[in-house]
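Have the model open and follow along.

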Amino acid sequence: MFEHAAMKNIERLNDDYDIDDMFMSKAALRDNAAKQAERDKKKAIQEHQRVERSLESCQWCFDNKEMAKHLIVALGKKCYVSLPAHQSLTPGHCCISPIHHISCCVQAEEDLWDEVQNFRKSLVKMFASRGEDCIFFETVKRLRHFPHMVLQCVPLPRETGDMAPIYFKKAIMECEREWAQNKKLVELKGRDVRHAVPKGLPYFFVDFAMDAGFAHVIEDEREFPNNFAQVHIFFALNGW
């Protein structure tokens with residue numbers, strides 16, 4: 001066996017690396033593989049526990065006892081429309097969320113996404129009957145904490161809605177640092193956000209009524225504010 005091993009590894013053996021070293025190296029590799037498997041197992045357990053904690057405390061999951069069901073205004077098979085738990089940006093401000101827990105729109109399956117679009121069409125039609133426009137936006141950060149998808153809808157006066165694409169395009173181009181690894185402004189014309197942003201990345205996106213808008217991959221979550229859209233809606237409403 002020693003002779004066979006020596007012949008098989010003849011090119012590797014020299015004065016500094018003999019048969020004993022070779023067998024010790026193989027034993028070390030097996031030991032390292034076992035330790036890596038144990039680390040992977042612990043990491044998977046910790047990830048599962050983090051997901052369980054997120055689900056238990058999620059106020060958007062329909063089955064969670066913490067959810068404020070009195071805020072729901074329309075319920076579908078896959079998602080629902082509700083009023084925000086905080087003060088509304090404008091009268092009519094509402095949210096579209098999935099009944100079951102997923103983290104963001106990019107992760108939405110086709111049947112859920114179709115129902116979200118049907119709710120969007122209904123909201124756009126309702127606000128249009130009042131002479132109003134509306135925008136839809138989503139800010140996705142801290143994905144490792146397994147957040148719940150919330151697509152926000154904010155109605156705006158018609159003239160403000162017409163100017164909203166200009167405000168948001170300028171705001172996205174000026175956000176974060178000047179140099180970035182990803183394209184700063186992604187136009188969603190001809191596609192939705194699910195096909196524009198890679199899964200697993202934090203992002204912001206905004207659509208204008210049923211018209212495609214813009215997406216932005218967030219480079220530094222600490223620099224990108226959670227209220228990015230809210231601030232610029234306020235600016236648009238006040239003509240700043």
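## A buried pair

Aspartate 207 and arginine 120 are both buried (under 20% relative accessible area; exposed is over 50%, partly exposed in between, with a 1.4 Å probe and protein chains only). They form a salt bridge, with the closest N and O atoms 3.1 Å apart; the term means a side-chain nitrogen of Lys or Arg within 4 Å of a carboxyl oxygen of Asp or Glu. This pair links distant parts of the chain, 87 residues apart: aspartate 207 is in strand S7 (residues 203-208) and arginine 120 in helix H3 (residues 110-129). Helices (H or I, at least four residues) and strands (E, at least two) are DSSP runs, numbered from the N terminus.

## Where this comes from

This is a predicted model, where local features need pLDDT of at least 70 and side-chain atom pairs count only at pLDDT 80 or more, while totals for chains, interfaces and linings use all residues. Residues are numbered from 1 along each chain as its sequence is written, and side-chain values use heavy atoms, leaving out hydrogens and water.

## Around helix H4

Glutamate 187 bridges to lysine 169, closest N and O atoms 3.9 Å apart. Glutamate 187 counts as partly exposed because its relative accessibility is 43%; lysine 169, at 36%, is partly exposed too.

Glutamate 174 and lysine 170 meet in a salt bridge at 2.9 Å, N to O. They are 4 residues apart in helix H4, so about one helical turn separates them.

## The tally

By this rule, the count is 7 salt bridges.
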